[in-house]
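Take the points one at a time and find each residue as you go.

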Amino acid sequence: MKELSYPFDSAYLLKNRRKIKRQLLEDGTVRIRKKIAVLGGSTTNDIVSMLEIFLLEQGIECEFYQSEYAKYWEDIMFANEELLQFKPDLIYIHTTARNITEYDLDMKASRAECGNALNRQFEHFKSMWERIEEIYSCPIIQNNFEMSIYRILGNRDAWDYHGQVNFISRLNIMFYDYALNHENFYVNDINYLSACCGLDKWSEPSYWYMYKYAVNPQFIPDLAFNISNIIKSIFGKNKKALALDLDNTLWGGVIGDDGVDGIEIGHETAAAEAFYAFQKYVKEQQKIGVLLGVCSKNDYENAVTGLNHPDGVLKPDDFISIKANWEPKDSNIAVMAEEIGILPESIVFADDNPAEREIVSGQLNVQSPSLENPENYIKIIDRSGFFEVTSFSDDDINRNAMYKANAQRVKVSKKFENYDDYLLSLEMTAEIEEFKAIDLQRITQLTNKSNQFNLTTKRYTQNEIEKISSDGNYITLCGRLKDKFGDNGIVSVVIGRKENDALHIDLWLMSCRVLKRNMEYAMLDCLVSEAKLQGIRKIYGYYLKTKKNSMVKSLFSDFGFEKISEDIEENTVWEMDIKNYIPKNKLITVKQTQKV
């Protein structure tokens with residue numbers, strides 16, 4: 001929905017939020033469902049209503065709990081049966097500088113006394129976060145603090161330990177250190193947001209005095225949108241790839257008409273500087289694991305020549321796929337998605353041409369931000385939060401190399417008439433083991449991102465994965481696949497829950513980049529082997545149908561399971577007696593290292 005794309009009209013959204021919510025709920029989208037508790041140090045009703053529609057747009061339908069006004073701390077620290085019964089999947093704490101209670105200007109106070117006040121303020125919040133972890137074991141989103149709208153000491157307020165600006169800055173750093181050292185804890189950066197919006201406008205005092213709004217209502221959509229980006233990233237709704245036009249998107253001018261010497265990129269003009277900065281920004285996106293592609297109506301040779309411009313930052317090798325031809329762009333993006341092994345809706349399309357953006361968005365449900373002036377390209381894409389980072393693993397760093405290697409595999413596959421011969425030529429080796437602490441972040445990522453090869457599409461937080469991995473009532477397996485082209489990283493996850501002598505498969509998923517590589521058979525062999533060692537006789541598999549996982553509808557049938565039930569929505573239950581199980585993997589060398 002265009003109205004919910006950055007930059008948005010805040011007044012329109014606030015006025016029409018009920019209508020927008022109704023339209024989103026009636027659009028037929030299948031969304032994941034979550035429960036979110038919003039604990040406020042100020043009025044939060046409008047924040048919740050705006051957060052709800054942004055999350056609906058991002059594929060998450062939420063039920064909300066709200067604390068009473070300024071009761072955020074009491075709701076957590078004292079028995080709260082309503083919140084306990086609510087069982088939140090995530091807790092957002094909306095506090096601001098108005099909730100800082102320990103700062104008191106005293107020019108006679110020593111550095112140690114000022115430090116003690118700072119520590120007391122931090123402990124106030126830390127005790128609450130620890131209580132949430134103890135009782136609810138769910139992700140926490142905590143605001144940091146915006147600057148005060150006044151400075152008693154003037155500029156000295158920032159560097160003198162007596163100053164309020166200094167106090168807030170150091171408190172924010174303590175929050176950041178806590179986030180770095182605690183999984184499932186995230187900071188919503190209202191300090192940055194307030195600076196973007198303008199601190200005087202953001203903290204307009206009249207709204208506090210009249211309505212106890214700590215944030216000017218004009219900026220509540222900005223705040224809610226920022227929170228929604230964190231939430232959708234936590235629950236695996238981030239975009240994965242950025243497909244870029246070339247002419248007037250990555251450089252100024254039309255290379256087919258102006259030639260490589262005539263396009264604008266570099267440092268010679270203001271426009272050239274803007275395009276250079278944008279290319280540099282895109283290159284930095286690649287460093288956090290965003291896949292890059294080209295989708296341009298151009299001759300291929302011209303496209304490559306432009307990308308090799310000596311003043312450009314991006315080069316042909318930076319792109320997983322280059323579609324430079326005269327085919328419709330929506331068709332090219334669909335082909336690109338298939339080649340990469342992701343869904344088209346996981347791609348963001350960047351193009352200066354509004355007509356092309358409209359066609360691609362309409363045909364493929366691909367988000368395409370409004371790029372009108374090159375000097376604003378970075379701001380538009382960055383503030384849209386498509387690639388919000390809430391966790392980061394070695395696989396994220398290596399993602400582009402992994403997908404490039406996958407493209408090489410596809411190219412090599414065309415040389416073989418027999419597919420099994422092609423798979424054998426890859427010299428595949430799998431390492432399959434129980435969950436280890438070092439891998440839990442990547443495993444959690446996969447549970448929240450994998451949709452196509454996912455039998456039950458259950459989503460897990462890292463806390464939940466940690467508990468399962470240490471619970472003797474579960475068998476857990478994760479699989480890493482390597483071949484002569486490189487390491488694919490952890491690509492498959494299985495969680496089996498033991499009940500007496502039966503194992504119920506709560507989760508079975510695999511990354512789309514290793515589909516049709518026989519990894520599922522290697523995982524099954526290891527699962528059965530481990531199940532036998534633990535006295536399991538039967539394994540039960542479950543297929544819960546979604547719009548995206550039809551490809552695995554018959555997986556358990558292919559494994560040799562027997563279907564024992566099916567409902568009208570095609571959800572099925574399968575059973576296998578493993579007593580006489582015959583291993584099925586013949587194409588992958590397996591190193592099984594899980595403990596017994």
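1. Pro7 is found in the segment before α1 (10-25). Tyr6 and Pro7 are joined by a cis peptide bond, with omega at about -5°. Please keep in mind throughout that this is a predicted model.

2. Next, look at the aromatic rings. A pair of aromatic rings is described by the distance of the centres and the angle of the planes. The count here comes to 32 aromatic pairs. Phe125 lies in helix α5 (residues 111-135) and Phe145 in the loop between β4 (140-143) and α6 (164-181), so the pair ties together parts that are 20 residues apart in sequence. Both Phe125 and Phe145 are buried.

3. Is Trp508 buried or exposed? Trp508 is buried, because its relative accessible area is 0%, under the 20% cut-off. Phe556 counts as buried too, at 1% relative accessibility.

4. Rings can also gather in a group. One aromatic cluster is formed by Tyr72, Phe122, Phe125, Trp129, Phe145, Phe175, Tyr178 and Phe185.

5. Now for charges over rings. The charged end of Lys212 sits over the ring of Trp208, 5.3 Å from its centre. Lys35 lies over the face of Phe86, at 5.6 Å from the ring centre.

6. How do helices α2 and α10 pack? Helix α2 (residues 45-57) and helix α10 (residues 220-234) have their axes 8 Å apart, at an angle of about 50°. The two helices are therefore oblique to each other. The crossing of α2 past α10 is right-handed. Residues that meet include Met50, Leu51 and Phe54 in α2, and Leu223, Phe225 and Ile227 in α10.

7. Finally, compare two asparagines. Asn248 has phi near 65°, a positive value in a residue other than glycine. Asn248 belongs to the loop between β6 (241-244) and α11 (255-258), and is partly exposed, with a relative accessible area of 28%. Asn365 has a positive phi as well, near 55°. Asn365 is in the loop between α15 (354-364) and α16 (377-384), and counts as exposed at 55% relative accessibility.

Methods
Residues are numbered from 1 along each chain as its sequence is written. This is a predicted model: local features need pLDDT of at least 70, side-chain atom pairs count only at pLDDT 80 or more; totals for chains, interfaces and linings use all residues. Side-chain values use heavy atoms; hydrogens and water are left out. Rings of Phe, Tyr and Trp (its six-membered ring) pair if their centres lie within 6.5 Å; planes under 30 degrees apart count as stacked, over 60 as edge-to-face and the rest as tilted. Helices (H or I, at least four residues) and strands (E, at least two) are DSSP runs, numbered from the N terminus. Buried means under 20% relative accessible area, exposed over 50%, partly exposed in between (1.4 Å probe, protein chains only). A charge sits over a ring if NZ of Lys or CZ of Arg is within 6 Å of the ring centre and within 35 degrees of the ring normal. Axes are lines fitted to C-alpha atoms, for helices over the stretch in contact, and angles run from 0 to 180 degrees between N-to-C directions. Angles under 35 degrees count as roughly parallel, over 145 as roughly antiparallel, 65 to 115 as roughly perpendicular and the rest as oblique. A crossing is left-handed if the near helix is turned anticlockwise from the far one by less than a right angle, and right-handed if clockwise. Contact means heavy atoms within 4.5 Å.
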